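Hi everyone, thanks for coming.

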Amino acid sequence: MTAFARIRFAMLLLMLLGLTAAPALAQRLAPDGAPNPTASVTNQKTLLEQAPRIQGRIDIPDVKASVLMQPMGRTWDYFHEVLLHWGGAAVIIGMVAILALAYLIMGRLRIEAGRSGQTIVRFKAFERFSHWLTAVSFVLLGLTGLNITFGKVLLRPLVGPDLFSDISEIAKYVHNFTSFAFVTGLALITVLFFRDNLLKKVDIDWVKQGGGFIKSKHAPAGRFNLGEKMVYWLSVAAGLAVSASGFVLLFPFYGTNIADMQIAQVAHAVIAILFIALILGHIYIGTLGMEGAFEAMGTGEVDINWAREHHDRWLAEKLETEGRQASATPAE
């Protein structure tokens, strides 16, 4: 056999091997383990990595509408459908568990001297209005927002897909329009309570004395103690961040693209979950956690003995301004 004939034989052999191997490569296994003749040799992930985006042709001038699929969309979907579900549940359930444990261990913080029967104004009517405007709108935003995250998993199996669709549509509109009330309330409480939440030397003394959690020590405080100031500043920061990201989502593609919208949604969701956990702690302290605390925002007045135990510096300044004295004797 000549050299030329050998080369032709080798080439023919390679072609035959390629023809027999190609179907085997193309056949991926189906879920039941059998060969799948319709499967592609290249999987979907590889195709997406090779092509940064899958884009078609359109007649309208909106270029982004031609994008059918992009790799970042897969990443965002994994965050929203997996990471956010597990992470959000861990944060919220974890905070509830911590608060429940605190209640079981410490119980409700009572007024040690008992109620004196005398009260003093702690918050004026407009201050309470601003607080409750922010609080009520936050609760509505929180519930409707949690429906976006957990509704498909928790609510839809209970009410069915049709009713869930109606509930979610209403919740969407409530969420969007309530945001304006929340931003208004946030602006009001930021301005009204800004001065009283600035850090002062008494805050260091409050920490040194255990922040009111050590019964044998008295923790001095002004109108707000350091713990309340931290809640204020964290709430203002979280409120600004969640509002900014929320308005980006509410008015999409005004100076933003698809990637920017996805980042805004991730930021909005993460900040909102942490914000809800923070406010759960705030609600606990103001209701179950401390006797007499809810009255401050409920009626605007607090018992003198409560004020003396938790905000003695503020009480002294308040009494001096009003030119009155208060007895520490409990009411009969």
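Buried here means under 20% relative accessible area, exposed means over 50%, and partly exposed is in between, using a 1.4 Å probe and protein chains only. Before going further, a word on the model: it is predicted, local features need pLDDT of at least 70, side-chain atom pairs count only at pLDDT 80 or more, and totals for chains, interfaces and linings use all residues. Residues are numbered from 1 along each chain as its sequence is written, and side-chain values use heavy atoms, with hydrogens and water left out.

What do the side chains of Lys-229 and Asp-203 form where they meet? They meet in a salt bridge, at 2.8 Å from N to O. A salt bridge is a side-chain nitrogen of Lys or Arg within 4 Å of a carboxyl oxygen of Asp or Glu. Lys-229 lies in helix α7 and Asp-203 in helix α6, so this pair ties together parts that are 26 residues apart in sequence. When I say helix or strand, I mean a DSSP run, numbered from the N terminus: H or I with at least four residues for helices, E with at least two for strands.

How many salt bridges does a search of the whole structure find? The search finds seven. One of them joins Arg-115 and Glu-295, whose closest N and O atoms are 2.7 Å apart. Arg-115 lies in the loop between α3 and β5 (119–121), while Glu-295 is in helix α9 (residues 294–298), so the pair ties together parts that are 180 residues apart in sequence. Arg-115 counts as partly exposed because its relative accessibility is 34%, and Glu-295 counts as partly exposed at 25%.

Now find Asp-196 and Arg-223, whose side chains also meet in a salt bridge, 2.8 Å from N to O. Asp-196 sits in the loop between α5 and α6 (201–208), and Arg-223 in the loop between α6 and α7, so this pair ties together parts that are 27 residues apart in sequence. Asp-196 is partly exposed, with a relative accessible area of 24%, whereas Arg-223 counts as buried at 15% relative accessibility.

Next, the record. In an unreviewed entry, UniProt lists residues 83–106, 132–153, 173–194, 231–254 and 266–285 under "transmembrane region". UniProt positions are given in the numbering used here, feature names are shortened, and annotations may be inferred rather than shown by experiment. In the model, residues 83–106 are 100% helix and 0% strand, and the end C-alpha atoms lie 34 Å apart. Residues 173–194 are 91% helix and 0% strand, with end C-alpha atoms 32 Å apart.

Two or more lining residues come from each of α3, α4 (125–159), α5 (161–192), α7 (226–250) and α8 (258–289). Which element gives the largest share of the lining? That is α8, with 10 residues.

Ala-269 counts as buried because its relative accessibility is 10%. The C-alpha atoms of Ala-269 and Thr-149 are separated by 8.5 Å, although these residues are 120 residues apart along the chain.

One last stop: Phe-253, in the loop between α7 and α8. Most residues other than glycine have a negative phi. Phe-253 is not a glycine, yet its phi is positive, about 65°. With a relative accessible area of 34%, Phe-253 is partly exposed.
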